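Here's a quick briefing to read alongside the model. Have the sequence and the 3D view open as you go.

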Amino acid sequence: MADTLDRPEPAPTTLSDHISDNVEGVVALQRRETDALSPAQRRLERVGRFVGRPNYLVGVLLTATLWVAFNVTAPYIGFRPFDEPPFAWLDLVLTFVALITTTVVLVGQNRQTKLEQTRSHLDLQVNLLTEQKVSKLIHLLEELRRDLPMVKDRHDAQAHALQERADTSKVLSAIDNVGLTGESGGTTSAKSDPAPD
């Protein structure tokens, strides 16, 4: 036990340059999204973070409970209730709180939806670019294999197929045909629709 306490902790490993660049890119994207917020949106974000905490729900329930308890017991302890049953003022206050809470949550959800759409477009573009690069690499490797005299030339159907770039409209059509998008109730196999060359 003493040996483990006396040993120095290992030095933190440094990230490679490309990982650091990726992390910095993500941080820059988040910073850009934050900088694009107006002052009103920033205030709503703060309110939304407060409303999303369990303490907010506990506070609302505790306030409502104390409100009801005071107004029910007030005549018995010598006070005049300010909101007699059926607690019309409490109903009004809770309706107002619910309206504000719902509005803040919806505004936050709209912003998150826009951010998700932007990120999904970015993901799609990066994925398509990656697919194009991989197709080009396979094409170059196949050319190199054909040109090298010591390598026996042979036809590789799979490598030939992988050289072709993916046609996004055909992929979407295949997804629709098998019913993954819910737009078509068909159970047709994606392979049943031959893709033209």
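**How H4 and H5 pack**

In H4, Tyr56, Val60, Ala64, Trp67 and Val68 meet a set of H5 residues: Trp89, Leu90, Val93, Leu94, Val97 and Thr101. Sorted by class, this contact of H4 with H5 comes to 10 nonpolar residues, 1 polar and no charged ones. Keep in mind that this is a predicted model.

*Helix geometry*

- The axis of H4 (residues 54-73) comes within 11 Å of the H5 axis, and the two cross at roughly 170°.
- That crossing angle is over the 145 degrees cut-off, so H4 counts as roughly antiparallel to H5.

*The loop between H4 and H5*

- Pro86 sits in the loop between H4 and H5, and the peptide bond joining Pro85 to Pro86 is cis, with omega about 15°.
- Phe87 belongs to the loop between H4 and H5 as well.
- Phe87 isn't a glycine, yet its phi is positive, at about 60°.

*The second largest pocket*

- There's about 320 Å³ of space in the second largest pocket.
- It has 16 lining residues, and the closest to the pocket centre are Leu37, Gln41, Glu45, Val107 and Arg111.
- Which helix gives the most to this lining? That's H5, with 8 residues.
- Helix H3 (39-51) and helix H5 (88-147) each put at least two residues into the lining.
- By class, the lining of the second largest pocket splits into 7 nonpolar, 4 polar and 5 charged residues.

*Salt bridges*

- As a reminder, side chains of opposite charge can pair when their charged atoms come close.
- How many salt bridges does the structure hold? There are 2 salt bridges.
- One of the salt bridges pairs Glu45 with Arg111, and their closest N and O atoms are 3.3 Å apart.
- Glu45 is in helix H3 and Arg111 is in helix H5, so this pair ties together parts that lie 66 residues apart in sequence.

Definitions and conventions. Residues numbered from 1 in each chain as written. Predicted model: local features only at pLDDT ≥ 70, side-chain atom pairs only at ≥ 80, totals over all residues. Heavy atoms only, no water. 1 Å grid on protein atoms, 1.4 Å probe; cavity = no way out; pocket = protein on both sides within 12 Å on 5 of 7 lines; lining within 4 Å. Points joined across faces, edges and corners; volume = space filled by probe spheres on them. Helix = DSSP H or I, 4+ residues; strand = E, 2+ residues; numbered from the N terminus. Nonpolar A, V, L, I, M, F, W, Y, C, P; charged D, E, K, R; others polar. Axes fitted to C-alpha atoms, helices over the stretch in contact; angles between N-to-C directions. Parallel < 35°, antiparallel > 145°, perpendicular 65-115°, else oblique. Contact = heavy atoms within 4.5 Å. Salt bridge = Lys/Arg side-chain N within 4 Å of Asp/Glu carboxyl O.
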